[in-house]
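Here is a brief report on a predicted model.

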Amino acid sequence: MRYFGHATVLIEAEGTTILTDPFISVSPEVADRNRLTFRDLPARIDYVLITHGHHDHFVFESLLRLRHRIGTLVVPRNTGIYYGDLSLKQLAQRLGFKQVVEMDALDSISLAGGRMTAIPFLGEHCDLLHAKLGYVVRFGDEQILFAADSCCLDKYLYANIRKTLGPITTAFIGMECIGAPLSWIYSPLLPVKSEREHDQSRRSHANGADSALELLQTVGANTAYVYALGREPWLKYFMALEPTDDDPYMVEIRKFVVAAQTHGIDAQMLYGKQDLFCGDKAHLRYVKGTGGGL
């Protein structure tokens with residue numbers, strides 16, 4: 001597996017290539033050893049998995065540039081109940097994608113030597129939108145969860161996921177634990193202005209340290225990777241997130257890493273680029289010198 005930054009991971013196994021939430025850097029004018037670009041992707045990408053429609057996960061600029069390489073684009077199904085819950089399938093088809101597959105929770109796609117299964121995505125959308133999924137990718141005995149910005153609001157959901165799919169050895173999780181208020185993105189979609197109490201209580205947040213640890217323990221993970229919170233330089237003007245060491249996000253992530261390691265879980269924060277291996281190497285491991293994780 002190769003980490004490309006933000007929530008983008010390239011998985012290559014058993015002759016199959018899978019890419020999650022592609023947000024790919026262009027080549028910089030000067031050499032930058034801490035980033036992977038379009039040049040580092042394979043000529044053919046069998047599946048691209050989209051977790052949700054936020055602008056940093058369903059990224060038009062990257063998808064259009066990769067359109068000719070992608071075999072199947074996998075997107076979450078929308079409900080059609082709320083007018084802001086957009087159909088990512090229709091959007092993708094308007095972008096020119098011919099093979100777009102919608103999935104619901106626990107739908108699965110068979111792979112050579114494995115399977116990928118969609119799982120529920122809780123929280124993060126201010127409880128308004130439903131076109132969102134996490135994915136569990138399995139090859140052999142290794143199961144890897146790509147949870148994006150989902151939050152462990154109820155551990156029993158993940159207990160049932162484990163009961164259905166078996167233990168998940170590795171998890172990629174988001175920890176934007178504060179999140180934007182309801183009005184930041186969704187105010188133009190609301191028929192009336194939200195009260196401040198609702199605006200603050202329905203923030204678009206992912207896991208904090210406690211909920212992240214609870215998620216990992218519930219699914220049985222022994223390895224965890226925290227996405228980079230938009231800290232990579234090529235996301236600076238896209239994400240407007242530049243957390244410093246004393247930022248609440250970073251403090252919470254460090255707290256999580258320490259707590260996870262105390263419970264026997266190998267946890268770290270990703271950044272820039274990293275190469276990760278699984279299968280015959282017993283478990284995923286970080287290749288030193290390829291990134292700047294915590």
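## The cavity

The largest cavity has a volume of about 100 Å³. A search of the whole structure finds one cavity of 30 Å³ or more.

Thirteen residues, counted as 13, line the largest cavity. Nearest its centre lie His6, Asp149, Glu176, Tyr227 and Leu229.

Seven strands form an open sheet with mixed pairing. Their order is S7-S8-S9-S10-S11-S12-S13. Strand S7 (108-111) and strand S13 (266-269) are the edges, and each pairs on one side only. On average, neighbouring strands of this sheet are turned by 15° against each other, direction ignored.

Strands of a sheet pair through backbone hydrogen bonds, and the pairing is either parallel or antiparallel. Strand S8 (residues 114-119) and strand S9 (residues 134-139) run antiparallel. Six bridges join S8 to S9. Threonine 117 stands opposite valine 136 in S9.

## Helices on the sheet

Helix H3 (residues 155-165) lies across S8, S9 and strand S10 (142-146). H3 runs at about 155° to S8.

Helix H8 (residues 248-262) also packs on the sheet. H8 touches strand S11 (170-173), strand S12 (223-226) and S13.

Notes: Residues numbered from 1 in each chain as written. Predicted model: local features only at pLDDT ≥ 70, side-chain atom pairs only at ≥ 80, totals over all residues. Heavy atoms only, no water. 1 Å grid on protein atoms, 1.4 Å probe; cavity = no way out; pocket = protein on both sides within 12 Å on 5 of 7 lines; lining within 4 Å. Points joined across faces, edges and corners; volume = space filled by probe spheres on them. Pairing = 2+ DSSP bridges. Helix = DSSP H or I, 4+ residues; strand = E, 2+ residues; numbered from the N terminus. Axes fitted to C-alpha atoms, helices over the stretch in contact; angles between N-to-C directions. Contact = heavy atoms within 4.5 Å.
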